[in-house]
Amino acid sequence: MIQTIFGSPVVILKVNDMEKTFPNKLYEDIIDYLMTSENKFVNHPYTRGGKICTTDLNLGINNDMLIQLQPLLDYLQKEASIHSYLFSTKKIKNLKFDNTWMNLTFEGCEIKNHYDKYDDTDFKSLITLFYPRTTLGSSNLIFMHNSIYGQWPSECSEIDIVRIFIEEGTVIIFDNSTLHAVDIHNASNPRMCIAVEFKLETD
């Protein structure tokens, strides 16, 4: 499904063959990885209200975890490539893997409005978000009308919110200049998100 949210295209998909793309053992391995001391319960500047376990950006293309993630990365790159025409008026030459990060969001945590631009350059990239598991009360991805960077979802009127409800296997694609946030996670079990960024190389 393709939506236009406040003028920006957002692609919402669902992985059909979860066991092939993201097997249960890999899910458990990533849980263990995120709960290691360097990732566990970090004081992340984008979050408040609850704990979060997260990796740094740029895990490294030779990282063992990325090797295990390759079927998922291939799937996300294929889908991002199929839909890349939505995000550029120029011909797309290539969609190049740039970096990935992962997080576990715990009860009470919300993530403020932000985008994934890291400097003042004008390069465009596609952010692909993958959610392997959900539970009742899990947090959702939201977009806020007339919002500003750093705004908290819980301080925004519901009438100004577009909420993307997350299900098991949901994939969401948007460009790196799109402001987005995560509402409060109201489940006792954590919710995992895996984000992958692909640079758009154009003529």
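The buried residues of helix α2 are covered by elements that include β4 (52-54), α3 (64-68), β5 (92-105) and β12 (191-202). Helices (H or I, at least four residues) and strands (E, at least two) are DSSP runs numbered from the N terminus, and contact denotes heavy atoms within 4.5 Å. The model is predicted, so that local features require pLDDT of at least 70 and side-chain atom pairs count only at pLDDT 80 or more, whereas totals for chains, interfaces and linings use all residues. Residues are numbered from 1 along each chain as its sequence is written, and side-chain values use heavy atoms, with hydrogens and water left out.

Helix α2 spans residues 24-34, and its buried residues are L26, Y27, I30, I31 and L34. Viewed down the axis of α2, these residues fall within an arc of 145°, so they line one face of the helix; the arc is that of the directions from the helix axis to the C-beta atoms. The exposed residues K25 and D32 are carried by the face of α2 turned away from its buried side. Here, buried means under 20% relative accessible area, exposed over 50%, and partly exposed in between (1.4 Å probe, protein chains only).

Strand β4 contains I52, which is buried at a relative accessible area of 2%. Not counting residues up to four places away in sequence, I52 touches N39, K40, F41, V42, H44, T47, N103, L104, T105, F106, C109 and I111. I52 and L76, by contrast, are 24 residues apart in sequence and 24 Å apart in space, C-alpha to C-alpha.

For the protein chain as a whole, the secondary structure comprises four helices and twelve strands. Its radius of gyration is 16 Å, close to the 17 Å that the globule rule gives for 203 residues, so the chain is as compact as a globular protein of that length. The radius is taken over C-alpha atoms, and the rule is 2.2 Å times the number of residues to the power 0.38. Of the 203 residues, 48% count as buried. Among contacts with a separation of 6 or more, 84% are accounted for by residues 24 or more positions apart.

Backbone geometry was also examined. Most residues other than glycine have a negative phi. F6, although not a glycine, has a positive phi of about 55°; F6 is found in the loop between β1 (2-5) and β2 (8-14) and is partly exposed, with a relative accessible area of 42%. N146 likewise has a positive phi, near 55°. N146 lies in the loop between β8 (141-144) and β9 (161-164) and counts as exposed at 67% relative accessibility.
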